[in-house]
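Trainee: I've got this one up on my screen and would like to walk through it with you. Where do we start?

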Amino acid sequence: MLEANTSNRSLSKATVQAYAEAMRRGEWQVTHQGIAFDSGGVLRDGQHRLAAIVEADLPIELMVFTEVEPETFDVLDTGKRRNAADVLAIEGEKSATLLAAVVRTIFLYYNRPETSWTGGSAAVTNHQIVQTLDEHPKLREFLALGERIASSTGMIKSSAAAASYLVTEANRAPI
């Protein structure tokens with residue numbers, strides 16, 4: 001199927017790696033976003049998903065569309081990507097932008113303490129954000145404290161809230 005990939009943007013190795021890691025973790029889900037071939041058999045959508053399947057070396061189920069009109073290519077993948085704050089707001093969370101940033105910090109603290117928290121290695125999926133919030137529901141209670149600390153110290157709000165949460169958790173843990 002990747003051999004039909006003759007009319008697409010350059011492949012992003014970081015995107016392929018992120019998708020493959022999600023597949024290996026069992027987080028990949030079947031959605032309406034699959035792969036699409038035009039009426040001439042050219043791959044028009046899904047090159048990163050296909051390359052990730054090869055990278056993950058796992059059987060992955062996805063939707064396959066054929067006979068897509070070639071003229072539709074310029075309208076594919078042009079929508080606004082839904083970020084973690086969008087997902088949390090849709091799920092009814094208050095202060096979703098701040099909450100997403102705090103949850104991301106907590107995820108990285110527990111799951112990637114040895115890596116840089118900037119750049120590609122710091123990418124956290126929306127699914128990981130939602131799962132981490134489910135695992136740490138008390139994070140919501142630290143947003144206001146983070147805002148108070150930030151306003152009096154100049155700290156970044158999300159850092160102040162995450163640090164407050166982690167100190168509280170550390171103080172609860174037996175020594």
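Mentor: Start with Glu-55, which counts as partly exposed at 39% relative accessibility. On that scale, buried is under 20% relative accessible area, exposed is over 50%, and partly exposed lies in between, using a 1.4 Å probe and protein chains only.

Trainee: Before we go on, what am I looking at?

Mentor: This is a predicted model, where local features need pLDDT of at least 70 and side-chain atom pairs count only at pLDDT 80 or more, while totals for chains, interfaces and linings use all residues. Residues are numbered from 1 along each chain as its sequence is written, and side-chain values use heavy atoms, with hydrogens and water left out.

Trainee: Okay, back to Glu-55. Which side chain does Glu-55 meet in a salt bridge?

Mentor: Arg-24, at 3.6 Å from N to O. A salt bridge here is a side-chain nitrogen of Lys or Arg within 4 Å of a carboxyl oxygen of Asp or Glu.

Trainee: And where do the two partners sit in the chain?

Mentor: Arg-24 is in helix H1 (residues 13-24) and Glu-55 in helix H2 (residues 47-56), so the pair links distant parts of the chain, 31 residues apart. Helices (H or I, at least four residues) and strands (E, at least two) are DSSP runs, numbered from the N terminus. Arg-24 is partly exposed as well, at 41%.

Trainee: How many salt bridges does that rule give?

Mentor: Seven. Among them is Arg-44 with Asp-38, at 2.8 Å. Both of those residues are buried: Arg-44 has a relative accessible area of 14% and Asp-38 has 5%. Another is Glu-141 with Lys-138, at 4.0 Å. There Glu-141 is exposed at 55%, and Lys-138 is partly exposed at 38%.

Trainee: Let's stay with H2. How many of its residues are buried?

Mentor: Eight of the ten, so H2 is largely enclosed by the rest of the structure. The buried ones include Leu-50, Ala-51, Ala-52 and Ile-53.

Trainee: What do the buried residues of H2 pack against?

Mentor: They pack against H1, strand E1 (35-38) and strand E2 (43-45).

Trainee: At what angle do H1 and H2 pack?

Mentor: About 55°, with their axes 8 Å apart. Axes are lines fitted to C-alpha atoms, for helices over the stretch in contact, and angles run from 0 to 180 degrees between N-to-C directions. H1 and H2 are therefore oblique to each other; the cut-offs are under 35 degrees for roughly parallel, over 145 for roughly antiparallel, 65 to 115 for roughly perpendicular, and oblique for the rest.

Trainee: Which residues make that contact?

Mentor: From H1 they include Val-16, Tyr-19, Ala-20 and Arg-24, and from H2 they include His-48, Ala-52 and Glu-55. Contact means heavy atoms within 4.5 Å. By class, the contact of H1 with H2 has eight nonpolar, three polar and three charged residues. Ala, Val, Leu, Ile, Met, Phe, Trp, Tyr, Cys and Pro count as nonpolar, Asp, Glu, Lys and Arg as charged, and the others, Gly among them, as polar.

Trainee: New topic. How do the axes of helix H4 (residues 96-111) and helix H5 (residues 126-135) cross?

Mentor: At roughly 85°, with the axes coming within 9 Å. That makes H4 and H5 roughly perpendicular to each other. Among the residues that meet are Leu-99, Val-103 and Phe-107 in H4, with Ile-129 and Leu-133 in H5. The contact of H4 with H5 divides into seven nonpolar, two polar and one charged.

Trainee: Where is Ser-158?

Mentor: Ser-158 is in helix H7, and it is buried at 13%. Setting aside neighbours within four places in sequence, Ser-158 is in contact with Leu-98, Ala-101 and Val-102. Ser-158 and Val-103 are 8.7 Å apart, C-alpha to C-alpha, and 55 residues apart in sequence.

Trainee: Last one. Is Gly-40 buried or exposed?

Mentor: Exposed, with a relative accessible area of 63%. Gly-40 is in the loop between E1 and E2. Glu-69 is 29 residues from Gly-40 in sequence and 8.8 Å from it in space, C-alpha to C-alpha.
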